[in-house]
Amino acid sequence: MAEGRFGLLGWLGIRALARRFAVRQMDSKGREQLRCIDDFKQNLVNGTCLVRRRIRMDTLEDLLCVVRLTGRAHPDPQISLGKADFSKAYRRCPIDPLHHPYAGLAVWDPDSGAVYVASQRAVPFGAVRAVYA
């Protein structure tokens, strides 16, 4: 049986396999949801990524600066600001085909005891490089 699994991994071209697990979170409406996490730390893929800078999050001061600049450029008092968020934004960004062998994941089915293996084609939630792409 183990030979079959390794044969499958070779057939898919997978060189690194991440464990997938779920965490419970509250969504923006206060409902509980499950979020899938792919553990690229455990399989050492995250360790191959060099991070040279920290991510800078926008602040309230940044927003006020944009409001001031927009107000000067467009003095019309009817201007409104809005906010938007992309649903599952990570899943909308494709992985470079050269990186597919390092985007494998394994999911254990507790009911059957089977382990399912797949290769991802979109940016996984849990890979450091996904944040800095």
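Gln 120 is buried, with a relative accessible area of 5%, where buried means under 20% relative accessible area, exposed over 50%, and partly exposed in between, with a 1.4 Å probe and protein chains only. This is a predicted model, in which local features need pLDDT of at least 70 and side-chain atom pairs count only at pLDDT 80 or more, while totals for chains, interfaces and linings use all residues. Residues are numbered from 1 along each chain as its sequence is written, and side-chain values use heavy atoms, with hydrogens and water left out.

Gln 120 is found in the loop between strand E4 (115–119) and helix H3 (128–132); helices (H or I, at least four residues) and strands (E, at least two) are DSSP runs, numbered from the N terminus. The side chain of Gln 120 makes a polar contact of 3.2 Å with the side chain of Asp 38, a polar contact being a pair of N or O atoms within 3.5 Å, of which, within protein, one must be able to donate a hydrogen and the other to accept it, and residues adjacent in sequence count only if both atoms are side-chain atoms.

Asp 38 lies in strand E2 (residues 32–39) and is buried, at 2% relative accessibility. The side chain of Asp 38 also makes a polar contact with the side chain of Arg 20, at 2.6 Å. With neighbours within four places in sequence left aside, the residues in contact with Asp 38 (heavy atoms within 4.5 Å) include Arg 19, Leu 105, Pro 124 and Phe 125.

| Residue | Relative accessible area | Class |
|---|---|---|
| Asp 38 | 2% | buried |
| Gln 120 | 5% | buried |
| Ala 114 | 25% | partly exposed |
| Leu 60 | 62% | exposed |

Ala 114 is placed in the loop between strand E3 (104–108) and E4, and, apart from neighbours within four places in sequence, Ala 114 is in contact with Val 107, Trp 108 and Asp 109.

Leu 60 belongs to helix H2 (residues 60–73). Together with Leu 63, Leu 64, Val 67 and Leu 81, Leu 60 forms a nonpolar patch on the surface, with about 460 Å² of accessible area in total.

For the protein chain as a whole, the secondary structure comes to three helices and four strands, which follow the pattern α-β-β-α-β-β-α along the sequence. Of the 133 residues in the chain, 20% are buried.

Notes: Patches are made of residues with over 30% relative accessible area and no salt bridge: like charges are joined within 9 Å, nonpolar side chains (Val, Leu, Ile, Met, Phe, Trp, Tyr) within 5 Å. Accessible areas come from the Shrake-Rupley method with a 1.4 Å probe; for residues, only the protein chains shown count as cover. A salt bridge is a side-chain nitrogen of Lys or Arg within 4 Å of a carboxyl oxygen of Asp or Glu.
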